[in-house]
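User: I have a structure open and want to go through its local features. Please take my questions one at a time.

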Amino acid sequence: PGDKDWCVQLKQPDILLVQGGKYRASFKAKSTKARSVKFVMLSAKNEWYGGRNIELDENEEKEVVVDFVMDKATDPNSVMVISMGTISGIDTP
């Protein structure tokens with residue numbers, strides 16, 4: 001998993017987020033080991049718009065739902081990131 005959460009990432013760039021807009025991201029996640037992953041919405045310059053850490057149990061598929069409000073200026077180039085590397089000192093399998 002490397003030594004930082006960003007060492008292993010899934011990214012989707014060029015997402016339009018409109019100021020004041022309410023958003024929901026949902027997906028299924030599963031891991032063969034209990035662990036944490038991080039879901040975030042960012043600007044291209046890594047300004048945080050919304051997200052959270054997700055705790056996964058061993059071999060259990062989880063439906064993940066993350067709601068957030070875009071409280072910054074409209075951004076036509078935001079990035080969805082799921083980080084699967086090591087998270088801040090947590091022993092990550």
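**Backbone, rings and charges**

Analyst: This is a predicted model. Start with N59: its relative accessible area is 46%, so N59 is partly exposed.

User: Where does N59 lie, and what is its phi?

Analyst: N59 is placed in the loop between strand 4 and strand 5. Most residues other than glycine have a negative phi. N59 is not a glycine, yet its phi is positive, at about 60 degrees.

User: Which strand holds D14, and is D14 buried or exposed?

Analyst: D14 belongs to strand 1, residues 9–17. Its phi is also a positive value, near 60 degrees, in a residue other than glycine. Exposed means over 50% relative accessible area. D14 has 58% relative accessibility, so D14 counts as exposed.

User: How many aromatic pairs are there?

Analyst: Ring centres must lie within 6.5 Å to pair. Y23 and F68 form a pair, with centres 5.6 Å apart. F27 and F39 form a pair too, at 5.7 Å centre to centre. By this rule the count is two aromatic pairs.

User: Why is the pair of Y23 and F68 called stacked?

Analyst: Planes under 30 degrees apart count as stacked. The ring planes of Y23 and F68 are at 25 degrees, so the pair is stacked.

User: How many residues apart are Y23 and F68?

Analyst: Y23 is in strand 2, residues 22–29, and F68 is in strand 5. The pair links distant parts of the chain, 45 residues apart.

User: What does the pair of F27 and F39 tie together, and what is its geometry?

Analyst: F27 lies in strand 2 and F39 in strand 3, residues 35–42, so the pair ties together parts 12 residues apart in sequence. F27 and F39 are both buried. Their planes are 35 degrees apart, and the pair is tilted.

User: Where is D57, and which residues form the negative surface patch?

Analyst: D57 sits in the loop between strand 4 (48–56) and strand 5 (62–69). Patch residues need over 30% relative accessible area. D57 has 45% relative accessibility, so D57 counts as partly exposed. The negative surface patch is formed by E55, D57, E58 and E60.

Key: Residues are numbered from 1 along each chain as its sequence is written. This is a predicted model: local features need pLDDT of at least 70, side-chain atom pairs count only at pLDDT 80 or more; totals for chains, interfaces and linings use all residues. Side-chain values use heavy atoms; hydrogens and water are left out. Patches are made of residues with over 30% relative accessible area and no salt bridge: like charges are joined within 9 Å, nonpolar side chains (Val, Leu, Ile, Met, Phe, Trp, Tyr) within 5 Å. Accessible areas come from the Shrake-Rupley method with a 1.4 Å probe; for residues, only the protein chains shown count as cover. A salt bridge is a side-chain nitrogen of Lys or Arg within 4 Å of a carboxyl oxygen of Asp or Glu. Lys and Arg count as positive and Asp and Glu as negative; His and the chain ends are not counted. The place of a charge is taken as NZ of Lys, CZ of Arg, CG of Asp or CD of Glu. Helices (H or I, at least four residues) and strands (E, at least two) are DSSP runs, numbered from the N terminus. Buried means under 20% relative accessible area, exposed over 50%, partly exposed in between (1.4 Å probe, protein chains only). Rings of Phe, Tyr and Trp (its six-membered ring) pair if their centres lie within 6.5 Å; planes under 30 degrees apart count as stacked, over 60 as edge-to-face and the rest as tilted.
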